[in-house]
Structures are given as structure tokens and as C-alpha cells.
Amino acid sequence: MPDPQQPGLPDDKSAISAAGAGAATDMAMSEGISLEGQDPQGGGPDTKPRSLWSDAWRDLRRNPVFLISSLIILFLVVISIWPSLIASGNPLSCDLAKSQQGSQPGHPFGFNQQGCDVYTRTVYGARTSVAVGVLATLGVAVLGSVLGGLAGFFGGVWDAILSRVTDMFFAIPVVLGGLVLLSVVTSTTIWPVIGFMVLLGWPQISRIARGSVITAKQNDYVQAARALGASNTRMLLRHITPNAVAPVIVVATIALGTYIALEATLSFLGVGLRPPTVSWGIDISDASANVRNAPHMLLWPAGALAITVLAFIMLGDAVRDALDPKLR
Amino acid sequence: MADLAKNEPAAEATPNVSDVDVVADPTKDEAIAAITAPVERGEPILQVRNLVKHFPLTQGILFKKQIGAVKAVDGISFDLYQGETLGIVGESGCGKSTVAKLLMTLETATSGEVFYKGTDITKLSGRALKAVRRNIQMVFQDPYTSLNPRMTVGDIIGEPFEIHPEVAPKGDRRRRVQELLDVVGLNPEYINRYPHQFSGGQRQRIGIARGLALNPEIIVCDEPVSALDVSVQAQVVNLMEKLQDEFNLSYLFIAHDLSIVRHISDRVGVMYLGKMAEIGSDEQIYDHPTHPYTQALLSAVPVPDPASREGRERIILTGDVPSPANPPSGCRFRTRCWKAEERCATEEPLLAVPQRFTGKDTPAAHESACHFAEEKDVVHAA
């Protein structure tokens, strides 16, 4: 609040002399607020400079959907880094005698086909599944939106070439491509699987990004920025990206779930992650053979997968809404 | 301002309005020095010479082949004087908006020159082009697409200062934005609002404030009021007139509404199919039109008085505007003109003071691209 005694504040002396102290303060406050409209140093709550991102963040902090989904994601990240925080056992110590047994004290989720503790494996599986899903989505989103966005913005020959290349990638069947490409890889890390997902996934995002950039760049406000002398970088970052990013966010968050599921498919086919890696995908495909005898073996890892995917989709939804001022 | 038009050298058989004092082959610094030099009121500030824009028509997906061209603007010349408003009228598709985009260098001209204080801006780039852009600003037609929906009003009007940081120091920008809001008649406290929270007229005021931010000398207005309600149109046009006096602006005012153009303009140019048909002071064009197309346009202006409406002649043109991809030979207007003769198909009429009026002190002695130019008062005819 500015000093009520500062010069330029009309009538403050007469207000103080005429009314009691409380009324004078009220008066000075209201005068002060209207004065701040002219004074950038005033910094009252209503005149602080605001931008799309700061408004979006204010909006997100109050959105229960965002809070719930980010709590779930935060929890997943924490147990991915320190699984022993909530699971004391070893996911690889199994006792065949306990194969397919149900819930019992100390082992709330029961045991799987190999007699391993399902709870411990579900907790430890979060690391690979979340890592594969998040890293593949990030890779796809960055590569796809940069390539598609630049092609849409600059157009011309590179756009034509990129469009035909995406057409070719769309023609590759995912499972067949995975069988061919991943069967020659000997690494037991998660990187070949992520690389394969990025390789096959970017054309989808690239097309969406290209389309929404072309729509956004035809708007008059982009022409207006150009007429002001704005550089291509400024037009892309300030005007086109915020107006073209919504469809990419939606598709990317939905794709995140499918990548975790695709990891399960590839693991089931024997070309994805291999034991001793622990992942929800491997557990789901192992359990699916005996789902009628011991459904708990499938339900826990599948439930964890479903909650994870839901959390990311809700997060994407909340971010997209927060970036659209019309929905405020 | 009508006297300006009369001062021009008249009756040359060339569409060139006057000679341009060209800054020949300038270096970047020379160009910037020329651009930033002040111009006296009434001197030409923008001179357009034989400006042409052809949009290629292509076929094929990967290997494109040009099969023709849309001749959107096909050899336009005119001058814009400091402090005046030049109105450009014409029906849809005649190339008005393309002229605006060419002047803003948002499109690259196929040929021809645009001299801003003697410097050809169609050949500028980099720093010099940025300096020109500071001085020529634009107000757009559609207030719903010309403001970024994801930026606050403060960011939209403040963006010119971010692009040209030398205009206002960082700490001063917010105050400048609020001043601009005040100048265009909006509450300075709206600075944190988003465009969708405003009405069409208010949005157009925001667009005008953005155009004013850099203290430009020329504002190109591309149909600035045609998307607004009639009552709001008047407010915005009056605001623009007020700002012109206050900031000593030159306007190029593009519109299809003849009444608005007459209200705001000092001089008026009539375009038809990528060419200038007639140009002169507003009195010359509205009260003494000599080009048949202008006469036809003016005869279609609604008249509020039923009595005078009864008596006046309506010129109803037949046929459609020919395709700009394949315009008629000779005079572009001949396919719809009641005066057309053999000569019109073979010989293109040049934009010049018609021979019969040359040297005469009559309002009809202004430039008109017609072989058979003749005065006809269609507005007051009774």
C-alpha cells in the first residue's frame, strides 16, 4: 500500500481532519487503490502485471482435479524413486509354494503365479512403467510438436517432405514393427522400448501440432505481431504455441496410457522389457493367463496402471483448461 | 485537404502521380536515417508506384507447377500525404486488403515500389525494416481475430514496447499501456483482462491502442469498422479522427462503406479489379465523379430522404466482377460498362486527368482511368 501521506493524493488532509481515524484510513485506502491504477510502483493486488502463465497457475492451484491428479503423480514419483518406503520385501524373492495364493497378513495383495508378493511387485513396477510412459510421451511430444510445428509454421518443401514421411510411419503396424525392431536389440534396459515408442509415436503428434499451428498462424493477431516487427521466435513462442498447444496436450496425455499398455504388449510378446525387470506390463501379461483362477494377480497391477493413466489424463485436462482464459 | 490534390503535376499520360525523391541504393544506416527524418505536413510521406501483387495458382502436391496467377493488385500508384486520410473503396475482391498487406510488407510485392520518405520499403530487411514498421502500423478488420485470446490487454498493448524496447524503458511500459487505454477511451484498470471480456467496439479500441503504441506516422486501417454495429462504427471513426488530430497521423483508410469513407477521408481512391479507377479529393469523387464505375457505386449509396431517392438515377451494373485470374483486356471495367466501345478492349486507359478537363479549373479535373470520362452527379441528381 502506498503511503497515504504521499503528494498527489487529493483531499487526504481534509479527509483526516474531517472524519475519525478509521474513516480516514478507509478513505486513503480507496484513494490509494485508484491511484495505483496510474502507478506501476504501487503494486496493489489488482494491478500487478498478469500473464497467461501466472493466471493459469493461479487457476490450477484452486482446481481440485489438478490437486488430486498431481498428488497421485507425486506419490507415484516418490515410490518410483524410493519403493522401499512403503514395500519392505524384495520383488524378486519368490516362493513357488505360495503360487496364486490370495491375500494374507503381511501380503495384502496375495501372490502371483511364481509365488512372488503382488504388493511388492506392484510398488516396484511403478518405476519402470512410469518411466517408460513419461519418457516415451515426453520424447514423442517434444519431437512431434517441434517438427510438426516448424513444418506448419514455415511451410514449403520441408513441410511437404515431413508430411510424406509421417504418412510412411503411419503405414508401419506397431506390433509388427516392435517384433522386427526390438528382437534385434539385446539391451535389458528400458531405453530400446522408449526409443521404439518415440520412433513410431512422433508422427501422430507431429500431424496434430502441424494442423493446429497452421490454424493459429492464419489468425490476424499473428499478422499484427509481424506488422509490429516481431521475430519468428517471438511469434512462435508468444502467439502460436499458447494457441496451438491444447490439442497436443490432450493427445499426449491420452497417449501416455497407451504407451504403458504398449510396453505391456511388447513385454507379453517377449520383445519388450525382460525379467528381472519388474513392470506392471510384465505382471499384467503374466497374470492374464490365469485370470479366472486368481483375478487378484491381474487386478492390482492393472488397477495401478488405470489410476496412473487417469491421473495423467486429468492433469492434461486441467492444464489445457487453465491455458484457455475463456473458460475462467 | 482538397488543395493538396490540385497541387499535383497533372495530365501526364503515365500513371505516375509525381516524381519520387528517391534515396538511391541506401545502406542500412542511410535508410534508417531517411526513415526517421521528419516530414512536413502536406508533404508526401508514402508514395506507391506501379505496385503489383500476383498470387501464383499452382497444381501438384510435391512438385508444384504454376498454371496462372490471381492478379490481386495490378499496377497501383498513389501518394499519401502527411496528416491526411486517403480512403480506398471498392467491392470485395478488388485488392484493397492486399494493398494494405503490401504497404505493411506482410506480403512481398511481385513488382513495383512503396517509397516511405523516399526509401523503397519493399526491398528493406532486418533493422531498417523494423524501423519502418515502427512508423507504419495497422488496424485490422476483425476485432475478434486480431487480438491474441491468450494474452491480457496489458500484454497485447505492451508487446510493441517489447519488440521495440528503445521506445519505452521497462519500468515505464505499464504506465504507457494504461495511458494508451485512456487515450482510446477504455478504463486503464482493464489492463489485466482478456480480449473475450470486451465487446467488439472495445476490442477494436484495444487494436487501435496497440497501433498507436509506437507513435507511428501512418496507420493503415483495413476495414476497421465493417465488423462493428452501426452505432459503434460512429464512435470508433470519431475516435480515429480525434487521434489523427492529437497524434498528427496519416491514415490509409480501406473500406467498402462509401458513407464512412466520405466522413473520414480527405482524398478517396476507387479500386476495381486490382486497378485504381479514379482518385481525387472527397468532393471531386463524391460530387463530380467521372469514372463510370464510381458513378455506379455512388448511385447505390442509400439515401435517407425518400423524396430525393425517387428522383435520382440508379445505375445498375449487369454481370459479375470478372475473375482476377483472367481479367479482361484493355479496360478492366469494360465488360460491365455501358459506355464500352472497341477502343476499351484494345487500349488500357491510364490513370490521369482526362484530356477534356486538362488545365481547366473544375472539380472534374482529377485522375480517372477512363477513355470516356465525363462528369455525372449521381448523388444529388434529382
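How many residues of chain A are in contact with how many residues of chain B? In this predicted model, 25 residues of chain A are in contact with 34 residues of chain B, two residues being in contact if their C-beta atoms, placed from the backbone, lie within 7 Å. Two elements, α9 (220-227) and α10 (232-268) of chain A, each give two or more residues to the side of chain A that touches chain B. The largest share of that side, 7 residues, comes from α9(A). By class, the side comprises 13 nonpolar, 8 polar and 4 charged residues; Ala, Val, Leu, Ile, Met, Phe, Trp, Tyr, Cys and Pro count as nonpolar, Asp, Glu, Lys and Arg as charged, and the others, Gly among them, as polar.

Residues are numbered from 1 along each chain as its sequence is written, while chains are lettered from A and ligands numbered from 1 in the order in which they are written. As the model is predicted, local features need pLDDT of at least 70 and side-chain atom pairs count only at pLDDT 80 or more, whereas totals for chains, interfaces and linings use all residues. Helices (H or I, at least four residues) and strands (E, at least two) are DSSP runs, numbered from the N terminus.

Chain A has a mean pLDDT (the predictor's confidence in each residue, from 0 to 100) of 80, and 85% of its residues reach 70 or more. Over residues 1-45 of chain A the pLDDT is below 50, and this stretch has 36 contacts in the model beyond near neighbours in sequence. An unreviewed UniProt entry lists residues 126-316 of chain A as "domain: ABC transmembrane type-1"; such annotations may be inferred rather than shown by experiment. The span 126-316 of chain A is 82% helix and 0% strand, and its end C-alpha atoms lie 20 Å apart.

Chain B contains an open antiparallel sheet of 4 strands in the order β2-β1-β4-β5, where two strands pair if DSSP finds at least two bridges between them. Strands β2 (65-81) and β5 (119-120) of chain B stand at the edges with a single partner strand each, so one side of each is left without a neighbour in the sheet. Strand β4 (residues 111-116) of chain B pairs with β5(B) in the antiparallel sense over 2 bridges, and Tyr116(B) stands opposite Thr119(B) in β5(B). Within strand β1 (residues 44-59) of chain B lies Asn50(B), whose phi is near 50 degrees, a positive value in a residue other than glycine. Most residues other than glycine have a negative phi. Asn50(B) is partly exposed, with 15 other C-beta atoms within 10 Å; a residue is buried if 20 or more other C-beta atoms lie within 10 Å of its own, exposed if 12 or fewer, and partly exposed in between.

Helix α3 (residues 96-103) of chain B is largely enclosed by the rest of the structure, because 7 of its 8 residues are buried. Among them are Val99(B), Leu102(B) and Leu103(B), as well as Lys96(B) and Lys101(B). In the loop between α3 and β4 of chain B lies Thr105(B), which also has a positive phi near 50 degrees. Thr105(B) counts as buried, with 22 C-beta neighbours inside 10 Å.

A further open sheet of chain B has 7 strands in the order β6-β7-β8-β3-β9-β10-β11, with mixed pairing. Its edge strands are β6 (136-139) and β11 (367-368) of chain B. Strands β7 (residues 218-222) and β8 (residues 250-255) of chain B run parallel and are joined by 5 bridges. The bridge partner of Cys221(B) in β8(B) is Phe253(B).
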